[in-house]
Amino acid sequence: MIKESRVLKYPKVIWTILKNAPTLDPLVILLNSKLYYLENKGNIESFLTIKEWKDSTEIGTVYTYPEFRNKGLARKLIKSVIKKYKNVGLICKENLIPFYKKQGLKKSSSTNNKIEKRKELFNKTLGKIFKYKLVVMKN
Ligand SMILES: CC(C)(COP(=O)(O)OP(=O)(O)OC[C@H]1O[C@@H](n2cnc3c(N)ncnc32)[C@H](O)[C@@H]1OP(=O)(O)O)[C@@H](O)C(=O)NCCC(=O)NCCS
């Protein structure tokens, strides 16, 4: 069963996001984003975070702990969010496009909403330093 909470209530999630930055988005910690997770006997196996902007809903981070990967956990979380929210999108590295396409999301080439503007800002600034580009996938 998918559970809902806030990022700041889960030190394990905060640590995972910090450890994997800048791939995963530390902004979700500052915003105390909404957290959806799957657990087994109190142990979080997979989670995703949600940032609600005025014009869109952004999936901030998707993470499955290595020993629980390829069991459909991330897919389950993403599908439930797409069902629940309107205008869902996310920012990711190009290598994850095939994964998100499998979840029914498409690459966006516009620059209208908050998510797309955040991606543009990253590519023009930090992207140049880290030497990679991000893309927006949306439903
Ligand atoms: C990417 C990640 C979230 C996938 O989690 P997962 O729980 O193993 O994913 P699922 O088991 O739900 O996979 C669903 C489908 O996507 C496929 N898939 C999984 N990882 C993939 C990848 N990196 N690239 C392409 N396809 C992938 C699975 O094979 C599965 O395919 P199927 O529907 O044909 O069976 C996980 O590998 C992870 O946490 N990686 C590190 C963090 C990260 O990169 N997060 C994304 C950026 S925020």
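## The β2–β3 pair

Asn40 stands opposite Asn43 in strand β3. In this predicted model, the pairing of β2 (residues 34–40) with β3 (residues 43–52) is antiparallel and extends over 7 bridges.

## The sheet

These strands belong to an open sheet of 7 strands with mixed pairing, in the order β1-β2-β3-β4-β5-β7-β6. Its edges are formed by β1 (3–6) and β6, each of which pairs on one side only. From one strand to the next, the twist averages 35°.

## Helices on the sheet

Helix α3 lies across β2, β3, β4 and β5, and runs at about 30° to β3. Helix α5 also packs on the sheet, where it touches β4, β5, β6 and β7; the direction of α5 makes about 170° with that of β7.

Within α5 (residues 114–124), the buried residues include Ile115, Glu116 and Lys119. These residues lie on the same side of α5 because they cover an arc of only 95° around the axis. Leu121 and Lys124, on the other side of α5, are exposed. The packing partners of the buried residues of α5 are β4 (57–64), β5 (88–93), β6 (106–108) and β7 (134–138).

Conventions:
Residues numbered from 1 in each chain as written. Predicted model: local features only at pLDDT ≥ 70, side-chain atom pairs only at ≥ 80, totals over all residues. Buried ≥ 20, exposed ≤ 12 C-beta atoms within 10 Å, placed from the backbone. Helix = DSSP H or I, 4+ residues; strand = E, 2+ residues; numbered from the N terminus. Arc of directions from axis to C-beta. Contact = placed C-beta atoms within 7 Å. Pairing = 2+ DSSP bridges. Axes fitted to C-alpha atoms, helices over the stretch in contact; angles between N-to-C directions.
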